[in-house]
Amino acid sequence: MADAPEQEDYSTLPLEDRLTHKVWKVRLNAYEESTRAFTSSPDENAPCFKIYNNDPDLLVKAVKDANVVAQEAGVGLLLAYLEFAGTQHAVRTRSNVVAAIVEKCLGSTRAGTKAKAVDACLMYVEIDTGEPVIEDLIPGLSNKLPKIVAATTMTMKKIYEVFGAKTVKAKPAVQVLPKLFTHADKNVRAEATELAIILYRWLGDAVKPMLLADLKPVQVKELETAFDSITIGEVKQERFLRSQQAAQQTAGDDVSGDIGVEPAEEETVDAFDLAEPVDVLSSLPPNFEDVMSSTKWKDRKECLDMLVASSNVPRIKDGDYGDVARTLGKCVQKDANVICVALAANCLENLAKGLKRSFGKYRNVVFSPCGERFKEKKQNVIDAIGAALDALFLTTTLDDIMEETLTLIKSKNPSVRQNMLAFLARSLSATLVFPKKEEVKALAEGSASLVGDADVKVREAALEVLGVFMKLIGERGMGPYLESLDDIKKAKVVEYSSAAVTKAKAEKPKAAPAPVVKAGIKKAPVMVKKAPIGTVPSSPTKRKPVVGSGYGITRPALAKPTSKLSRPESTRPESPAPASRVGRPGATLARPTAQNLARPSSQNVNADSALAAADRIELESLRREKKDWLASAVDRDEAVRMRQQIQELQIKNAGLIEASTKESMNGKAKDAQLDKAHRDLDQTRHQLNRYEREIESLKSQLTKARLIQDNHAVTESPSASHRSLSPHKSPVNYANGRSYAFTDEKENRYSSIPKTTSTASHRTMTPAELGISIPSVETSSHSASSVQNYKNAAELTARLRERIDSMKRATSS
């Protein structure tokens, strides 16, 4: 039997070749060898990391290994590299490696590979920040395989669960959650529900506007039920970033060294931080101001409804909203329709919430108009205006609205005073900035002046404001403003103070720098010794050194006693002792002997010089404070003057805007009148043309009537007078083709019987239609018949002329 072929020894190959070898066992051994080298390395600069630092694709190939056993070892290699290789090199591999993990590892059938892949994603978050990892995971949510989508969602959920939604920004996850709830796979929807619950534990109601807006009613109901059983904020961060770990270690060292470290306040997250900005200006009609100035309230309401719907979003894109704010403020202040007033206030509230600080610059054209409209009696309008002012306050500060508030709480209308005081109480409770002393003084004094108002609601609102101030600055600070109140009102203020909830915190006073004093030197107490009886102190003079002392100890000079109180030299009282010797236990007030003065104390000299230096430092500090105070006083005066100028300019601007509006309205009215005059002129011209046509028709008819009369006179035969009268009709033919029959029963009447001939091409009006009375054939002579015919023609002519004249008069008028 031939010997079996010897197995090739791959251990002699370089590590680079073994990591990419075609035999999976060789790659497995290389992964395991590198993992052991990483865990035993002394630091991140060890030679074992150099290969992977120079070629990060080796880690990508290890994660995407075709063999499942080698792949699991490759993911373990990645974990060890991320833990020991150092942040700088590990971050460089993040984007490519996370994409490979999503593609090949999260959907693996091996539980070990999948768990290590999730741990690798968590490690990428720990070494730097979480937002880039979330961004690299989001493409996996669009994968065609549902198991990869579900595993990616589960990885994101794990990141927010252990690191928290305040350490890792939740905005990218909240934006993709609605899409996951519409996925066809139930496992994906289940993981999305768990992710939503985790985010709700950290952020609370801030996720609802973005999350529940596009869901089905059934899903909304399920999430609401799940949210109701959750207590917001009862979660803690389980794993920390390396930067947080370093900060905690530093804080621990400071505490051990007796250095106090204040914990940092957690940032609050709301729907504004999670939403994408929406452009509201583009949804407004181009003629927004013209529509809002329309005389029809339904047009204004329709425009405001459109703006309320478009602005009701968590975040609005910044832009120039000056004209919109000015128009809405004017509508709130002056619109006669309360529905439009409430809608305009809702628009202002939405804009203030969606723009945040960007809307604060429009407060001058909004705040006062809204406050003045508190005189409205409709409660729903008052509530809408109050909500708009509350949202506006969050975009400004108390100092920005203080002057307008003080003006409005002194309004003649009690409803304005009451609602402005209620707004002030809400603002003091909601502000995050502790009010300054000047603001407290002005607003507290203004509120205290209204506790005796005739309206009971105003009194209660003023007491509530004082109670909130007491909650902020304490009972001692409110003492000067409560001196004029009786015990009952003081009790009310205390009651409101105990019920108030405020967010602002007073700044802790900074500790004064300790005076620089040399070690071993203590300040001696200073005692004042009364002058002996019989001495009269002179005017204050400069201190002079004690004669013979020689070491700078000074004392005030005393005047000589008068002659009346003079005593012998032996009984004269002694001069005061030096300050360093006064007040010492057991020390006498006798004059020091020459022996004692001969022993100067260097310690006392140093103490006095140190005290002098400390006094100079304190004096310089006081001078600087005085200078700063004077400069700040000048700045305050300048600020007050500038505010007054700004207010005057605003009043002028409002007057100019109002005058311009009136001029434009007058111009539009004149244009409307001119258009109406043009239309009336065209109508008159049309009527005149119609009258002229009728006149021409009447003239032609008159001419035809005359022709008929002439023909009748010519064709009348002399034998007609001898014609016998008969009871039957006798027809008479005329030149126009018609025949008329005359009877004896009615004179000057006729009846026409149309008789069409071949020569008549059109219908001619009958004498009856022309108003002509054809005389009956008389049995008298021919001359009498002719005279009657002429009379009838003259009467017809007169009637036609009168009708023509009347038509001309009507046309001219």
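Guide: The structure holds 26 salt bridges. The model is predicted, so local features need pLDDT of at least 70 and side-chain atom pairs pLDDT 80 or more, while totals for chains, interfaces and linings use all residues. Residues are numbered from 1 along each chain as its sequence is written, and side-chain values use heavy atoms, leaving out hydrogens and water.

Visitor: What makes Glu72 and Lys116 a salt bridge?

Guide: Their closest N and O atoms are 3.9 Å apart; the term requires a side-chain nitrogen of Lys or Arg within 4 Å of a carboxyl oxygen of Asp or Glu. Glu72 is in helix H5 and Lys116 in helix H8, 44 residues apart; helices are DSSP runs (H or I, at least four residues), numbered from the N terminus. Glu72, Arg110 and Lys116 are linked in a network of salt bridges.

Visitor: Why does Glu72 count as buried?

Guide: Its relative accessibility is 16%, and buried means under 20% relative accessible area, exposed over 50%, partly exposed in between (1.4 Å probe, protein chains only). Lys116, with 28%, is therefore partly exposed.

Visitor: Why are H23 and H24 called roughly antiparallel?

Guide: The axes of H23 (residues 398-408) and H24 (residues 414-430) come within 10 Å and cross at roughly 160°. Axes are lines fitted to C-alpha atoms, for helices over the stretch in contact, with angles from 0 to 180 degrees between N-to-C directions. Angles under 35 degrees count as roughly parallel, over 145 as roughly antiparallel, 65 to 115 as roughly perpendicular and the rest as oblique. H23 and H24 are therefore roughly antiparallel.

Conventions:
Helix = DSSP H or I, 4+ residues; strand = E, 2+ residues; numbered from the N terminus.
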